[in-house]
Protein chains: 2
Amino acid sequence: MNLTPRILIIEDDPTLLRGLGDNFRATGFDVSTASDGQIGLAQALTQPPDVLLLDIMLPRVNGFDLCKQVRRAKLDFPILMLTAKGQEEDIVRGLELGADDYMTKPFGIRELLARVKRLLHRRAGDHEQTVAIGDTVFDRGAQTLTRSGNIVPLTTKEYRLLAYFVSHPHRALTRGSILDAVWGRSLIVSSRSVDRCVATLRGKLEPEPAVPRFIHTIRDVGYRFELDL
Amino acid sequence: MNLTPRILIIEDDPTLLRGLGDNFRATGFDVSTASDGQIGLAQALTQPPDVLLLDIMLPRVNGFDLCKQVRRAKLDFPILMLTAKGQEEDIVRGLELGADDYMTKPFGIRELLARVKRLLHRRAGDHEQTVAIGDTVFDRGAQTLTRSGNIVPLTTKEYRLLAYFVSHPHRALTRGSILDAVWGRSLIVSSRSVDRCVATLRGKLEPEPAVPRFIHTIRDVGYRFELDL
DNA sequence: GAGCCAGGTAACACAGCGGTAACAAGGTTT
DNA sequence: AAACCTTGTTACCGCTGTGTTACCTGGCTC
């Protein structure tokens, strides 16, 4: 991770925006802000931050559209959405459009900071040859999993799926984005195939596949991969 | 690898020869040169270098014959051939005669240096004369496998294939990279030939070829060599 | 509590990968 | 010249990886 991660905060309530900015600056972030969807979108596209904090209710361009546009531009920094209380369908919709996590207002600043930092933990082992997942080792070069000495080979699909998970930890990953990343957009494959592949991968990775520790499912959306525990 | 690798350059154009020599010397090579095929051959045989840079068009003994003689003398330092532009059949012929790589004139000195270093790196782990694979011993010098007393000779291709496996254990090796390393960058060989050679090698190496212990196949990708078990 | 729906998963189907034997083409040895 | 060795190619076929379908389960809504 960079020494000073860049965060872009798009929020139209000036009081909240100031408070958030101060807090993140104090924590060592390089903070950019926007109080308007259109300006915020331009900033996000031209100077992609390391993480984006995004309100949904915004003037001119709302958070959903902004999110969609960012993802369409193939930018994959993590996005944390701020939703009003009780708008559960907003959460699902936001995650579907490419957000990675959410917080419902009102929220505690400490928890928000924790979540943002967790999202930044991504890419930990992106170029490492080998990644530790619990007590098993994922070896990219060998295309295998190793737990307590014995080697479990991964099929190509399982390998690519896990590689995608590993490079996007702690994030909500939709079936669509998984299909894009692992299967490639070219082939028309049912999204149930993702579930199928996740099942076999769980069988090899999870100590207790019925109670997943690493690959969590998010109903109506997709999956989330957690590393440390 | 040696601290100062020795390179022998055989090239009849004096300007080019001087330029090459200067460049390799500046990069830390111990450089010998010859501008004549017969003299060059004598040098290559009596003082084998770590790598040979070889022009094809040469007085008295041409590059092809020189290459052939070197290999017939069981010398296996890497040979990089310099061919005139557009002589595709020269390339094929050279690789068949035992060259490892080629460059077509005119070429960039940087790329040439990179390729020579790659060739040297290939031989990097080849210093141990003998390697234990399970309960069989791979003897590089004798080019044999020995298990429980009886000696099995390896053909040249099998030898180079196993040498490549041994120096890249626990890694997923694609057919492409295997072709590069073992066959040279010959474009005329089908990747199925790799499978064929793996099969014969398994027959000699694996105690039970049907259930490979050392050479594992990775579907859609290639092979993975495991040493200890 | 009944009904609904998303996801786990077992069963099945099949394309195509890879093992393997047979063949071909040089090259080398006797 | 003939026999042999090495090595690349081809063809056949079994098997595995993968996608789909179907059924089941568990949690949610009303």
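This is a predicted model: local features need pLDDT of at least 70, side-chain atom pairs count only at pLDDT 80 or more; totals for chains, interfaces and linings use all residues.
Let me begin with the largest nonpolar core, which has 54 residues, and in which A:Ile7, A:Leu54 and A:Leu80 have the most contacts; a nonpolar core here is a set of buried Ala, Val, Leu, Ile, Met, Phe, Trp, Tyr and Cys residues joined through C-beta atoms within 7 Å, and buried means that 20 or more other C-beta atoms lie within 10 Å of the residue's own, with C-beta atoms placed from the backbone. A second, separate core of 31 residues includes B:Leu53, B:Ile91, B:Leu95 and B:Tyr102.

Residues are numbered from 1 along each chain as its sequence is written, and chains are lettered from A and ligands numbered from 1 in the order in which they are written.

Coming back to A:Leu54, and leaving aside neighbours within four places in sequence, its contacts include A:Ile10, A:Leu66, A:Ile79 and A:Leu80, where contact means that the C-beta atoms of two residues, placed from the backbone, lie within 7 Å.

Between the chains, the contact takes six residues from chain A and nine from chain B. The chain B side that touches chain A has four charged, three nonpolar and two polar residues, with Asp, Glu, Lys and Arg taken as charged, Ala, Val, Leu, Ile, Met, Phe, Trp, Tyr, Cys and Pro as nonpolar, and the others, Gly among them, as polar.

Which residues are closest to DNA strand D? Of the 24 that surround DNA strand D, the closest are A:Thr155, A:Ser190, B:Thr155, B:Thr156 and B:Ser190, and the elements giving two or more residues to this surface are helix 6 (156-167) and helix 8 (192-205) of chain A and of chain B; helices are DSSP runs of H or I with at least four residues, strands are runs of E with at least two, and both are numbered from the N terminus. By class, the surface near DNA strand D divides into nine charged, eight polar and seven nonpolar residues.

DNA strand C is surrounded by 22 residues, and the closest are A:Asp195, A:Thr217, B:Asp195, B:Ala199 and B:Thr217. The surface near DNA strand C divides into 12 charged, eight nonpolar and two polar residues.

Methods
A residue is near a molecule or strand if its C-beta atom, placed from the backbone, lies within 6 Å of it. A residue is buried if 20 or more other C-beta atoms lie within 10 Å of its own, exposed if 12 or fewer, and partly exposed in between; C-beta atoms are placed from the backbone.
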